[in-house]
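Hi everyone, thanks for making time this morning. I'd like to walk you through a structure, so please have a look at it with me.

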Amino acid sequence: ITAAAIEAMGGMKRFVSKGDIVVVKPNIGWDRTPEYAATTNPFVVAALVKLCLEAGAKKVKVFDRPVNDPRRCYVQSGIAEAARQAGAEVSYADEGRFKEMTLNGASLKTWPLSTDIFEADKVINVPIAKTHGLSQLTLGMKNWMGIMGGRRSRIHRRIDENLVDVARVVKPTLTVLDAVRILTDSGPQGGDLRDVRKLDTVAVSIEPVAVDAFGATLFGLKGSDLGCIKLA
């Protein structure tokens, strides 16, 4: 499904060039196995890594800054093993690699962000589509919280404005929305298989706001129903 979605966009060689260093940024935030739809599907991540390397990428990096214990999240999600087997360099988010960056946003003026994102030649954002108690849904823009250092609990105070401020400075080459399984309730962590719907869907866009707006429709919403999408 992932390969077909990328092919429909013209193939990975349209986006990744020989010698590129690529960051593939999934959601590895929770100590959950894939069937609970709390983290990005490991097969989607592995497919993207493989496609990037086949397109000529010199290196593909996969990392996140999880909420739960990173060691457990990386294993339980299945992402670490799948990405490594596909040829990626998998690492934990290095606190020393977060640098205070100027955002000049409506809400956030500066914030420590991962320098790996800005030093990469190409960045592919790979969120999973799921509900969230505060932002209603978590999709592409929300997935950038995994590249943020500092006390991320502060972001929740004006979450829509803050997410848009970060999204204004992070420019992904592609956003690949994992909707193979979506979490329809009790997000972002989930824990009840009755809240999971299997859609076998992967959406790809060069326009991150558009793919988030599409993601909203998977939950019976419009993009304009979500504060961060409307602002973005």
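This is a predicted model: local features need pLDDT of at least 70, side-chain atom pairs count only at pLDDT 80 or more; totals for chains, interfaces and linings use all residues.

I picked aspartate 200 for its backbone: the residue is not a glycine, and yet its phi is positive, at about 50°. You'll find aspartate 200 in strand β10. Glutamine 136 sits in strand β8, which covers residues 136–138, and it counts as partly exposed at 37% relative accessibility. For context, most residues other than glycine have a negative phi, and most peptide bonds are trans.

Which form does the bond from glycine 187 to proline 188 take? That bond is cis, with omega near 10°. If you want to find proline 188, look in the loop between β9, residues 174–183, and β10, residues 196–205.

Now let's step back to the whole chain. There are nine helices and ten strands. The radius of gyration is 16 Å, close to the 17 Å that the globule rule gives for 232 residues, so the chain is as compact as a globular protein of that length. Its C-alpha trace spans about 40 × 40 × 35 Å along the principal axes. If we take contacts between residues at least 6 apart in sequence, 71% of them join residues at least 24 apart.

What about the inside? Of the 232 residues, 55% count as buried. The largest nonpolar core has 71 residues, and those with the most contacts inside it are Met12, Val62, Ile124 and Val176. Helix α2, residues 42–54, gives this core its largest share, seven residues. In general, nonpolar side chains in soluble globular proteins tend to be buried together.

Let's zoom in on valine 176. Leaving out residues up to four places away in sequence, its contacts include Ile6, Val44, Leu48, Ile124 and Pro127, as well as Val202, Ala203 and Val204.

Finally, the surface and the charges. The chain exposes about 10,100 Å², and carbon and sulfur atoms supply 49% of that. It carries 32 positive and 26 negative side chains, and the centres of the two sets lie 3 Å apart.

That's my tour, and I'm happy to take questions!

Technical notes. Residues are numbered from 1 along each chain as its sequence is written. Side-chain values use heavy atoms; hydrogens and water are left out. A nonpolar core is a set of buried Ala, Val, Leu, Ile, Met, Phe, Trp, Tyr and Cys residues joined through side-chain atoms within 4.5 Å. Buried means under 20% relative accessible area, exposed over 50%, partly exposed in between (1.4 Å probe, protein chains only). Helices (H or I, at least four residues) and strands (E, at least two) are DSSP runs, numbered from the N terminus. Contact means heavy atoms within 4.5 Å. The radius of gyration is taken over C-alpha atoms; the globule rule is 2.2 Å times the number of residues to the power 0.38. Accessible areas come from the Shrake-Rupley method with a 1.4 Å probe; for residues, only the protein chains shown count as cover. Lys and Arg count as positive and Asp and Glu as negative; His and the chain ends are not counted. The place of a charge is taken as NZ of Lys, CZ of Arg, CG of Asp or CD of Glu.
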